[in-house]
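Please consult the sequence and the structure below while reading.

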Amino acid sequence: MTPQSVLKEFFGYDRFRDGQEELIRQILSGGDVLGIMPTGAGKSICYQVPAMLMTGITVVVSPLISLMQDQVAVLREAGIPAACLHSNLGQEAYFRTLDAVRSGEIRLLYAAPERLLTDAFLSLTDSVAVAMVAVDEAHCLSQWGQDFRPSYLQITEFLAELPRRPVVAAFTATATQTVRDDIRHLLGLRQPLELVTGFDRKNLRWIVERPSKRYDALLRILKRNRGKSGIVYCISRRLTDEVCSKLCADGFRAERYHAGLSAEARTRAQEAFLHDDAEIIVATNAFGMGIDKSNVSFVVHYNMPKSMEAYYQEAGRAGRDGMPAECILLYSPQDIRTNTFLIENSDSENEMLSEEARKNVRQKDFDRLHKMVQYCNLTDCLRHFILGYFGEKAPTYCGNCGCCLAETETVDATVPAQKILSCVYRVGQRGRHCGSKMLCDILQGKDTKQLKEAGYQTLSTYGLLADVSRMHLEHMVSILISRGYLITDTGQYATLSLTPKANAVLRGQETVQMALPQRDLKQTQRERRLAALPDYGVDEELFQALRHVREKLAAREFVPAYIIFSDATLRDMCSKRPSNEEEMLAISGVGKYKMDKYGEAFLAALEEYAASAGSPRGHFPSGNGSQAAQ
Ligand code: ADP
Ligand code: ZN
């Protein structure tokens with residue numbers, strides 16, 4: 001078999017995506033690889049395909065049990081013998097798995113890093129040849145990454161224990177140069193092929209909102225996404241519970257997920273979400289790594305996360321099936337304070353580091369937080385910023401982010417910018433600092449108690465921008481933050497200070513152009529614009545009928561629906577309307593094994609639909625198709 005035929009036969013795909021083929025070829029020629037690809041790009045295929053072609057097993061190291069279970073389920077459904085070893089496995093199942101590996105039945109063995117150096121595991125690798133060790137989420141190796149896991153360092157020792165050094169293939173979604181160096185060095189990669197594919201996820205729409213009432217903003221988002229699956233990330237367990245309860249009371253099928261719940265409750269929530277029983281999961285960042293659910297249509301961040309790395313990874317769980325999806329961040333400056341607190345109290349995880357190194361780690365965390373704040377204050381292309389952050393050049397207009405979609409007008413805002421900056425300067429002269437809300441209050445000449453107490457009415461900048469709308473003023477402050485004229489401190493009030501860059505503007509040596517919203521679009525108009533995601537262009541009724549078939553099969557097989565076929569596969573069926581086995585095999589995502597197992601059921605549904613096409617709408621025999629989506 002060739003890589004191409006494995007891809008087609010087992011996974012049902014016709015073409016490799018960007019980077020996959022090169023990585024696979026290198027692995028098959030016995031070389032190490034380091035693959036850096038965004039979430040959803042298809043990293044797993046890069047080791048799963050060669051695993052089928054090599055002599056000996058492939059050990060896949062993965063950080064989370066849910067990740068392993070999910071992957072194993074996907075592989076088994078595709079007809080690939082895979083298994084996992086982790087601490088939740090009962091003793092009997094554990095030894096049964098070991099036996100299966102020994103007898104040569106298993107091609108891919110997933111293991112938690114803690115397992116690798118156990119006697120049972122090491123003796124296993126004495127009796128079967130390990131052809132490849134694939135390291136998933138490889139950034140976990142580096143203390144400079146956003147997700148350091150000391151247990152990952154055991155991989156190195158494990159490699160040294162093996163009788164023959166296997167091919168080592170490392171994969172991660174995000175890696176700065178330092179993290180990449182660490183991965184290469186710590187794993188001892190030998191002249192690896194290092195491949196970075198584009199980070200852009202074109203089907204994702206990026207949006208930042210700065211709502212005064214977050215919950216109301218969330219409700220608006222959920223309303224325009226009714227019937228679709230989504231994740232709502234909250235910064236704390238308490239908030240997760242609170243938001244989830246409110247949503248349930250408001251009639252949404254929501255589940256909660258955080259580390260404070262019992263393992264059982266977490267599994268239940270996760271299963272309900274994977275099986276589409278719950279449309280929304282409200283969770284802390286404990287949820288998601290390894291959640292492969294392909295039809296997540298939106299990811300809302302109820303709070304600002306700690307870094308762009310974390311954000312891109314979490315938000316990237318939307319739209320894995322390539323369908324249009326949206327990623328919305330609801331920002332409030334209070335989030336800065338919470339994140340600062342989290343950074344300052346994160347030392348327990350870094351106990352093994354020296355004082356010096358710990359300080360360094362913390363400084364890096366703060367730098368990342370600052371970038372995140374910049375993102376939240378952007379008023380020009382969000383995608384441009386994201387891609388730039390990950391070291392990629394991108395056009396300054398993408399047409400599919402909140403900023404590009406906003407109706408704006410570019411104006412020369414040099415004078416108001418000078419007024420804003422000099423107000424920060426004047427406040428500073430009094431030995432004080434203020435946050436953006438107070439700053440806007442001063443500039444607008446507001447008559448508040450706090451303002452009076454601080455004596456700010458006597459500032460020369462008091463009321464200087466009273467004629468500018470509040471929305472425009474807030475926008476301008478955001479722009480000055482995002483362009484680095486102002487910097488937010490990470491303390492309690494997210495106070496603002498001038499940066500050296502501000503001097504040129506204050507002295508009139510530099511002008512400032514700003515794209516400001518043309519007029520205050522009414523909320524309903526805004527919603528309508530955002531709701532207009534690109535059309536799928538397929539027969540919705542047929543799609544729902546196929547979903548219904550899939551649900552029945554999923555219930556029969558005890559697997560999540562998307563493991564049977566992804567939404568993208570069903571939509572491909574809708575547009576190509578296969579009528580026999582051969583045509584069915586041409587559908588993206590239909591491999592031989594799945595064709596044999598499920599092809600018939602879908603062909604029957606398609607045929608039934610075609611036969612009823614002449615009859616009036618609503619008389620389709622499989623009936624409640626459209627209800628299945630609710
Ligand atoms: P990652 O681990 O990089 O986040 P996955 O390996 O989970 O991404 O792949 C994301 C999705 O893309 C999966 O549903 C996978 O089946 C699909 N996929 C991967 N490679 C291809 C391909 N060559 N053609 C079509 N779909 C693919
Ligand atoms: Zn854009």
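## Buried positions in helices

A residue is called buried when its relative accessible area is under 20%. The model described here is predicted. With a relative accessibility of 1%, C244 falls under that cut-off and therefore counts as buried. C244 belongs to helix 10, which spans residues 237-249.

Eleven residues along the chain separate R383 from A394, and their C-alpha atoms are 7.9 Å apart.

## The surroundings of ligand 1

Ligand 1 is surrounded by 15 residues, and the closest are Y13, R15, G40, K43 and S44. By class, this shell comprises five nonpolar, five polar and five charged residues. Helix 3 (residues 43-51) supplies the largest share of the shell, namely three residues.

The side chain of Q20 places an N or O atom 3.0 Å from a nitrogen atom of ligand 1. In K43, a side-chain N or O atom is found 2.9 Å from an oxygen atom of the ligand. Taken alone, ligand 1 exposes 560 Å², of which the protein buries 84%.

## Aromatic pairs and a ring cluster

The structure contains 15 aromatic pairs. One of them joins Y257 and F287, whose ring centres are 4.9 Å apart; the planes meet at 65 degrees, so this pair is edge-to-face. Y257 is in strand 10 (residues 254-257), while F287 is in the loop between strand 11 (280-283) and strand 12 (296-301); the pair therefore ties together parts that are 30 residues apart in sequence. Y257 is buried, with a relative accessible area of 9%, and F287 is buried with a value of 0%.

F565 and Y598 form another edge-to-face pair, at 6.2 Å centre to centre and with 75 degrees between the planes. This pair links distant parts of the chain, 33 residues apart: F565 is in the loop between helix 24 (561-564) and helix 25 (567-576), and Y598 is in helix 27 (residues 592-612). Both F565 and Y598 are buried. Elsewhere, ring pairs connect F199, W206, Y311, Y312, Y375, F385, Y389 and F390 into a cluster.

## Charged groups over rings

R214 lies over the face of Y302, at 5.9 Å from the ring centre. In the case of Y485, the charged end of K501 sits over the ring, 4.6 Å from its centre.

## A buried lysine and its contacts

Is K293 buried or exposed? At a relative accessibility of 1%, K293 counts as buried. This residue occupies the loop between strand 11 and strand 12, the loop in which F287 is also found.

Which side chains make polar contacts with the side chain of K293? One contact is with the side chain of S229, at 3.5 Å. Another is with the side chain of N295, at 3.2 Å.

E137 has a positive phi, near 50 degrees, although the residue is not a glycine. E137 lies in the loop between strand 5 (130-135) and helix 7 (154-161). Its relative accessibility of 10% is under the 20% limit, so E137 counts as buried.

R577 also has a positive phi, of about 45 degrees, and is not a glycine. R577 is placed in the loop between helix 25 and helix 26 (581-585). At 40% relative accessibility, R577 counts as partly exposed, because that class covers values between 20% and 50%.

How values were computed: Residues are numbered from 1 along each chain as its sequence is written. Chains are lettered from A and ligands numbered from 1 in the order in which they are written. This is a predicted model: local features need pLDDT of at least 70, side-chain atom pairs count only at pLDDT 80 or more; totals for chains, interfaces and linings use all residues. Side-chain values use heavy atoms; hydrogens and water are left out. Rings of Phe, Tyr and Trp (its six-membered ring) pair if their centres lie within 6.5 Å; planes under 30 degrees apart count as stacked, over 60 as edge-to-face and the rest as tilted. Helices (H or I, at least four residues) and strands (E, at least two) are DSSP runs, numbered from the N terminus. Buried means under 20% relative accessible area, exposed over 50%, partly exposed in between (1.4 Å probe, protein chains only). A charge sits over a ring if NZ of Lys or CZ of Arg is within 6 Å of the ring centre and within 35 degrees of the ring normal. A residue is near a molecule or strand if one of its heavy atoms lies within 4 Å of it. A polar contact is a pair of N or O atoms within 3.5 Å; within protein, one must be able to donate a hydrogen and the other to accept it, and residues adjacent in sequence count only if both atoms are side-chain atoms. Accessible areas come from the Shrake-Rupley method with a 1.4 Å probe; for residues, only the protein chains shown count as cover. Ala, Val, Leu, Ile, Met, Phe, Trp, Tyr, Cys and Pro count as nonpolar, Asp, Glu, Lys and Arg as charged, and the others, Gly among them, as polar.
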